[in-house]
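Biologist: I have a model open and want to learn how to read it. Can we start with a strand?

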Amino acid sequence: MSSPLSIRFEPALLERLRRRAQATAGGSVSTLAQTLIDEGLRMAEHPGIAFKAGTSGRRAALVNGPDVWEVVKFLHEVDERGPAAVSAAAEVLGLPEARVHTAMRYFADYEAEIEAEIEAADAASAAAEQAWAAEQRLLA
C-alpha cells in the first residue's frame, strides 16, 4: 500500500506535470510523479541508465544505447563466460566494456524486471515468427 506525502511544487512545474499526466492514457498526476521520481532515483543510483518509452512501455536503457534487457539477453545467450562474455557483448553491441558493466549493475538491482522484459520480448518475437510462417503458408 502506498503512503501519502504532501509536496509543494512551483506553479509552472506543477502545470507541466498536469499537462504531461493528461497526455498519458489513464495517467494521473500522482502516478506520473511517482514514475518520474522512481526513474530519477534509479538514474541517480545507476549513472549511464536512462528510460525510454515504447510499445512495451517504459524501460531502462543505456544512454544512447540498447535497452538493458538486450544487453542481458546477449550475456545469457553468448557462449563465453566471465570477462570474455563482457568483451563479446561490447564488441557485438558496439559498446565500451564499461557500459556493459553499467547494464549488468542495473540488472543486479532489478533482475526480476529485466527478466520479465526478456520474456515479453521473446514472446513477441515468437508471435511475429508464427504470423510470418502463417503468411508464408498462405502464399505457398
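Modeller: Gladly. This is a predicted model.

Biologist: Which way do the side chains of strand β2 point, and are they buried or exposed?

Modeller: In a regular strand, side chains alternate between the two faces of the sheet. Here, β2 spans residues 59-62. Arg59 and Ala61 point one way, Ala60 and Leu62 the other. All are buried.

Biologist: In which sense do β1 and β2 pair?

Modeller: Antiparallel, over 4 bridges. Strand β1 covers residues 49-52. Take alanine 50: its bridge partner in β2 is alanine 61. The hairpin has 6 residues between the strands. Within this hairpin, glycine 57 takes a positive phi near 100 degrees.

Biologist: Now the core. How many residues has the largest nonpolar core?

Modeller: It has 24 residues. Ile49, Val68, Val71, Val100, Tyr106 and Ile114 have the most contacts inside it. At least two residues each come from β1, β2, α3, α4, α5 and α6. Helix α3 gives the most, with 6 residues. A second, separate core has 5 residues, including Leu14 and Leu32.

Biologist: What does tyrosine 106 touch?

Modeller: Leaving out residues up to four places away in sequence, tyrosine 106 touches Arg42, His46, Ile49, Phe51, Ala60, Val68, Glu113 and Ile114.

Biologist: And empty space? How much lies in the largest pocket?

Modeller: Rolling a probe the size of a water molecule over the atoms shows where empty space is left. The largest pocket holds about 270 Å³. Among its lining residues are Ser2, Phe9, Gln34 and Ile37. By class, the lining has 6 nonpolar, 4 polar and no charged residues.

Terms used
Residues numbered from 1 in each chain as written. Predicted model: local features only at pLDDT ≥ 70, side-chain atom pairs only at ≥ 80, totals over all residues. Heavy atoms only, no water. Buried < 20%, exposed > 50% of the residue type's maximum accessible area, 1.4 Å probe, protein only. Pairing = 2+ DSSP bridges. 1 Å grid on protein atoms, 1.4 Å probe; cavity = no way out; pocket = protein on both sides within 12 Å on 5 of 7 lines; lining within 4 Å. Points joined across faces, edges and corners; volume = space filled by probe spheres on them. Nonpolar A, V, L, I, M, F, W, Y, C, P; charged D, E, K, R; others polar. Core = buried A, V, L, I, M, F, W, Y, C linked by side-chain atoms within 4.5 Å. Contact = heavy atoms within 4.5 Å.
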